2 protein chains.
Amino acid sequence: MEIYKNEKRQLYIEKASIEQFFSLSLEEFLEIHEYARGEWIIKEGERPHYLFYVLEGKAKIYITHQNGKVSLINFINPNEFIGEMELLNDVYYTKGIQASTKTICFAIPINSFRKQLLEDNKFLRKLANFLSVKSTKMAEKYYQSLSFPLENRLADFILQTADNGMYKEKHITVCEFLGVSYRHLLHVLAQFCEKGYLTKQGRAYYIQNHDILTELAKSLRNE
Amino acid sequence: MEIYKNEKRQLYIEKASIEQFFSLSLEEFLEIHEYARGEWIIKEGERPHYLFYVLEGKAKIYITHQNGKVSLINFINPNEFIGEMELLNDVYYTKGIQASTKTICFAIPINSFRKQLLEDNKFLRKLANFLSVKSTKMAEKYYQSLSFPLENRLADFILQTADNGMYKEKHITVCEFLGVSYRHLLHVLAQFCEKGYLTKQGRAYYIQNHDILTELAKSLRNE
DNA sequence: CTCAAAATAGGAGATATCTCATATTATTTT
DNA sequence: AAAATAATATGAGATATCTCCTATTTTGAG
């Protein structure tokens with residue numbers, strides 16, 4: 001983990017236009033952290049010392065179950081908070097958060113600023129907004145996972161992550177994310193190929209029948 | 001739906017000690033609504049006109065999927081908000097909320113007070129707190145549902161809802177809530193009886209082996 | 001009290017998904 | 001370049017869960 005100093009730090013502080021977050025001026029206490037791919041931003045079971053806000057990069061939230069099974073429960077993307085739960089509650093939290101690409105975030109030491117943050121209207125509104133979106137998304141994922149077989153959820157995931165008609169995610173990440181076994185993921189992918197929705201070339205899959213995938217994915221979101 | 005007036009209204013306003021929610025004094029604009037069992041507090045697809053806070057009773061959140069299947073996605077209990085999403089976002093929302101017992105809540109007309117609410121720190125903090133808990137719970141449910149078979153989730157549910165060793169929920173509600181088919185729920189319940197965890201008398205089930213159920217449920221929460 | 005609707009109950013077969021085992025191929029480390 | 005590790009692939013059999021069907025019992029409305 002690297003903490004940016006001087007000009008580099010200044011650059012990011014300006015870029016993030018942190019005025020939008022706070023009425024109070026935290027600027028001089030704000031740290032800019034960079035985490036390398038694979039590094040743990042928060043270790044599971046450890047109480048974090050900072051409130052983070054992701055500026056660049058991508059991270060993953062993991063939970064380890066008692067049976068040893070580890071689930072990827074979500075991605076964290078730019079413009080999202082990390083550690084807001086710990087700011088609000090005293091309960092401590094046991095999720096692990098790992099950078100999955102180089103990740104740059106701003107970091108506010110919780111211990112020193114908790115009280116002030118909780119009195120800042122601008123910040124609170126921003127936070128409440130973020131939380132409401134987060135909780136909606138989670139609820140969506142939940143009932144989707146219950147109500148639909150992998151076929152539908154995978155179609156949706158493919159459409160969301162495909163780049164120019166080409167799908168090329170790591171199976172391991174995907175099956176964690178969708179909560180199915182590696183084996184079954186491959187099975188359904190093979191089915192998609194067999195049915196002509198996708199074709200496989202090497203490690204990549206090309207979308208052949210966009211409409212059918214869209215149709216499958218549409219069942220998830222009932223709009 | 002009944003709107004309380006005068007003394008009845010006053011009673012609930014005092015009981016809820018609404019000072020804890022707001023710095024501003026909304027008291028005279030606050031309505032107290034009572035919904036009968038089965039009544040819709042918010043109809044699916046309809047934009048609500050109030051922010052609610054449940055004082056007494058229990059409600060259910062439903063979503064209807066495109067395939068016509070309806071999922072119960074959660075219960076709403078006393079001391080929880082309803083409609084906070086609509087307050088924060090302009091997006092409108094398509095969940096249906098139905099009272100499952102007589103439900104009394106306070107109701108703030110959103111149109112008139114939105115702006116003021118969003119400037120009230122006390123309220124925002126309360127709301128952020130609520131949302132963070134909500135989203136955590138949802139996340140928990142999500143990964144539980146993915147990682148564990150019904151056996152574990154049902155054991156947990158039984159322990160949570162059993163009253164004095166007796167479990168007596170409606171199967172229909174439960175299978176919606178746990179996201180499994182009616183048939184399968186019965187099957188696992190029958191298994192529990194066969195294995196001696198429960199015994200069945202009429203429509204009720206009595207817990208015979210509390211320890212095993214606890215053990216099954218414990219896998220869900222890894223503490 | 002009566003009838004319709006809702007809830008319970010269980011059989012049978014299909015499908016989705018998992019576990020385990022074993023090869024092969026990329027990628028990273030030394 | 002060799003060795004170690006991670007990722008991909010696939011078969012086979014087990015289990016969890018679903019759908020459809022049909023019968024009985026309970027509950028609620030009139």
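Here are some questions and answers about aromatic rings.

Tutor: This is a predicted model, where local features need pLDDT of at least 70, side-chain atom pairs count only at pLDDT 80 or more, and totals for chains, interfaces and linings use all residues. Residues are numbered from 1 along each chain as its sequence is written, chains are lettered from A and ligands numbered from 1 in the order in which they are written, and side-chain values use heavy atoms, leaving out hydrogens and water.

Student: What makes Phe21(B) count as buried?

Tutor: Buried means under 20% relative accessible area, exposed over 50%, partly exposed in between (1.4 Å probe, protein chains only). Phe21(B) has 1%, and Phe106(B), at 2%, is buried too.

Student: Why is the pair of Phe157(B) and Phe177(B) called tilted?

Tutor: Their ring centres are 5.7 Å apart and their planes lie at 45°, so the pair is tilted. Phe157(B) and Phe177(B) are both buried.

Student: How do you know that Lys126(A) lies over the face of Phe21(A)?

Tutor: A charge sits over a ring if NZ of Lys or CZ of Arg is within 6 Å of the ring centre and within 35 degrees of the ring normal. Lys126(A) lies over the face of Phe21(A) at 4.7 Å from the ring centre.

Conventions:
Rings of Phe, Tyr and Trp (its six-membered ring) pair if their centres lie within 6.5 Å; planes under 30 degrees apart count as stacked, over 60 as edge-to-face and the rest as tilted.
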